[in-house]
Amino acid sequence: MQDVFKQKGFGDRWIQWIMECVRSVSFSVLVNGSPYGRFESSRGLRQSDPLSPYLFVLCADVLSSLMTNAQQTGHIKGIRVSNGGPSISHIQFADDSLFFLKADQKNSTSLLKIFNEYGEASGQVINFDKSSITFGSRVYQQTRDQAMRTLQIPNIGGGGKYLGIPEQFGRRKKEMLQYISKSVQKKINGWQNKFLTTAGKENLIKSVAFAMPIYSINVFELPIKLCSELNSMISRFWWGTTPTKKKLSWVPWKEMSTPKREGGGLRVS
């Protein structure tokens, strides 16, 4: 499919063909189990329509092909995450798109041209006020200002999170992943004000506290010290220790977290 997108205007015809299929849909009303009448939709698709995700994926594939074609023809230049790694120009996930380009006027102009071409063909206009741009530490301020003016993006990002993980991080993983400890502690503080049975505490620990770091664990290897902090928080909550009241831990947490078939208390497997 990437080769056919090299033809000028193919992206427009592809999206128009998709929308022609949408306009050909008709509806009937069931009366006592039998269909009556025939009418066509004239107000378009709503965001919650089950057909919307499929149409969005098809249109997003056009944007991806435009980016790939521009990179192959040399109009844009992506970045490499390693010396021998491939060049990456864009990543798409669900309804989010991330673009990685060399910070110069040529790449900025080419990217804006792709945005305009995609918007004219699909009718999906990019909200630049909600978009953000991030630069490397070695990019001069003059180059940053020029790229922001060209792309018409006023916001500078990089300090937030994406899919629950910080957008930017350095070598100090413990400081970067400290948000996991804060999130778990915030949940536990809210639980301590409730009257919970032992079964209720067990369900909260298994379904919430143990589940909160799962996505980060799939991406990063958590430091041992951070894992110890999380175990200490959960252990104090289990035995009823609060900032104003300290209770005795009758069983070591290492034994509590072993599988139940081995004599533990919280793990099922």
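Which side chain meets that of Lys206 in a salt bridge? The partner is Glu202, with 2.7 Å from N to O. A salt bridge is defined here as a side-chain nitrogen of Lys or Arg within 4 Å of a carboxyl oxygen of Asp or Glu. The structure is a predicted model, in which local features need pLDDT of at least 70 and side-chain atom pairs count only at pLDDT 80 or more, while totals for chains, interfaces and linings use all residues. Residues are numbered from 1 along each chain as its sequence is written, and side-chain values use heavy atoms, with hydrogens and water left out.

The structure holds one salt bridge, and its setting can be described in some detail. Side chains of opposite charge can pair when their charged atoms come close. Lys206 and Glu202 are separated by about one helical turn because they are four residues apart in helix H7 (residues 198-209). Helices (H or I, at least four residues) and strands (E, at least two) are DSSP runs, numbered from the N terminus. Lys206 counts as partly exposed because its relative accessibility is 27%, whereas Glu202 counts as buried, at 16%. For these terms, buried means under 20% relative accessible area, exposed means over 50%, and partly exposed lies in between (1.4 Å probe, protein chains only).

Helix H7 also takes part in a helix pair. The axes of H7 and helix H9 (residues 224-239) come within 10 Å and cross at roughly 160 degrees. Axes are lines fitted to C-alpha atoms, for helices over the stretch in contact, and angles run from 0 to 180 degrees between N-to-C directions. H7 and H9 are therefore roughly antiparallel to each other. On this scale, angles under 35 degrees count as roughly parallel, over 145 as roughly antiparallel, 65 to 115 as roughly perpendicular and the rest as oblique. The crossing of H7 and H9 is right-handed; the term applies if the near helix is turned clockwise from the far one, and a crossing is left-handed if the near helix is turned anticlockwise by less than a right angle.

A second pair is formed by helix H2 (residues 52-72) and helix H3 (residues 105-122), whose axes come within 11 Å and cross at roughly 150 degrees. H2 and H3 are therefore roughly antiparallel to each other, and their crossing is right-handed. Ala70 has its place in H2 and is buried, with a relative accessible area of 9%. From Ala70 to Leu111, 41 residues apart along the chain, the C-alpha separation is 8.8 Å. Thr109 is found in H3 and is partly exposed, with a relative accessible area of 40%. Between the C-alpha atoms of Thr109 and Leu151, 42 residues apart along the chain, the separation is 7.4 Å.

Two further contacts link residues that are apart in sequence. Thr134 sits in the loop between H3 and H4 and counts as partly exposed, at 38% relative accessibility. Thr134 and Ile156 are 22 residues apart in sequence, and 5.8 Å apart in space from C-alpha to C-alpha. Gln185 lies in helix H6 (residues 178-191) and, at 22% relative accessibility, counts as partly exposed.

What forms the nonpolar patch on the surface? Phe27, Val29, Val31, Tyr36 and Phe39 do, with about 470 Å² of accessible area together. The elements that give two or more residues to this patch are strand S1 (26-31) and strand S2 (34-40), and S1 gives the most, with three residues. Patches are made of residues with over 30% relative accessible area and no salt bridge; like charges are joined within 9 Å and nonpolar side chains (Val, Leu, Ile, Met, Phe, Trp, Tyr) within 5 Å. Accessible areas come from the Shrake-Rupley method with a 1.4 Å probe, and for residues only the protein chains shown count as cover. Phe39 belongs to S2 and counts as partly exposed, at 43% relative accessibility.

Asn32 is found in the loop between S1 and S2. Its phi is near 55 degrees, a positive value in a residue other than glycine, and Asn32 is exposed, with a relative accessible area of 80%. Gln152, also not a glycine, has a positive phi of about 60 degrees. Gln152 lies in the loop between helix H4 (141-151) and strand S7 (161-162) and counts as partly exposed, at 47% relative accessibility.
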